[in-house]
Structure formats: structure tokens, C-alpha cells
Amino acid sequence: MITGLESMGDMQAPLNTVLENLADAIAEKVATKIKAEDSNKPKYYTRKDLCEILHMTNPTVIEMVKRGEIREKKIRGRILYDAAEIDEAVKEKTIFFPLQKEKEW
């Protein structure tokens, strides 16, 4: 209920409904605009995020970068990984866990 409209009498309830619907419509439009702006910005993962996403250890990710299987970017002194690239590679299953050498018996 919108406060400050007590003196409006019979008009209070319909006016409150109109104002609440207007507020909801504005909030929805603002949220949609914010989501659209966020989707245009590139997203990056930290190495910690990448380790969690790929279920790998930090040294494994470093080795995969050295072998060129994963590309990293240095942005403002931080090592980051393009989220779109990683997500696409995971969807296509182009990133696999590195093969471990079989033990010789």
C-alpha cells in the first residue's frame, strides 16, 4: 500500500493498484536493461573458478596452459580465462582431463 494517500478516500485503493503496477513495470524494465548491459560485457574466470568448473587442480590447469589447451589472458595484472571460451569448450567437450601415464608393473 502506498502511504500518504489517506486523504484520497474512495480513490485510494484504485490509485494504489495503478501505482504498484507502474512500479512493478518500471522495476522489470530496469532489470531487463541491466541484464542486457551485463550480457554485452565479457566475463572472465579466475584460475580458482576454472579449477572448480573443470574439477582440476591448479597445477593441472597450469600444465594445460603450457601445452596450449587453455588460453589465459593477463588483464590489469591478473591472470584470467575467457568464460565464453571455457564454457564453449566444455559444451563441445574439447577440454579433457589430461591423460595420466599408465603405471608399469
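Here are a few friendly notes on this predicted model.

1. First, the ground rules. Residues are numbered from 1 along each chain as its sequence is written, and side-chain values use heavy atoms, with hydrogens and water left out. As the model is predicted, local features need pLDDT of at least 70 and side-chain atom pairs count only at pLDDT 80 or more, while totals for chains, interfaces and linings use all residues.

2. The overall fold has four helices and three strands, in the order α-β-α-α-β-β-α along the sequence. These are DSSP runs (helices H or I, at least four residues; strands E, at least two), numbered from the N terminus.

3. Of the 105 residues in the protein, 18% are buried (under 20% relative accessible area; exposed is over 50%, partly exposed in between; 1.4 Å probe, protein chains only).

4. Do look at Asp82, in strand β3 (residues 78-82). Asp82 counts as buried because its relative accessibility is 14%. Leaving aside residues up to four places away in sequence, Asp82 touches Lys43, Tyr44 and Lys73 (contact means heavy atoms within 4.5 Å). The Asp82 side chain also reaches the backbone nitrogen of Ala84 at 2.8 Å.

5. Among contacts with a separation of 6 or more, 48% join residues 24 or more positions apart.

6. With 48% relative accessibility, Ile26 counts as partly exposed.

Terms used. A polar contact is a pair of N or O atoms within 3.5 Å; within protein, one must be able to donate a hydrogen and the other to accept it, and residues adjacent in sequence count only if both atoms are side-chain atoms.
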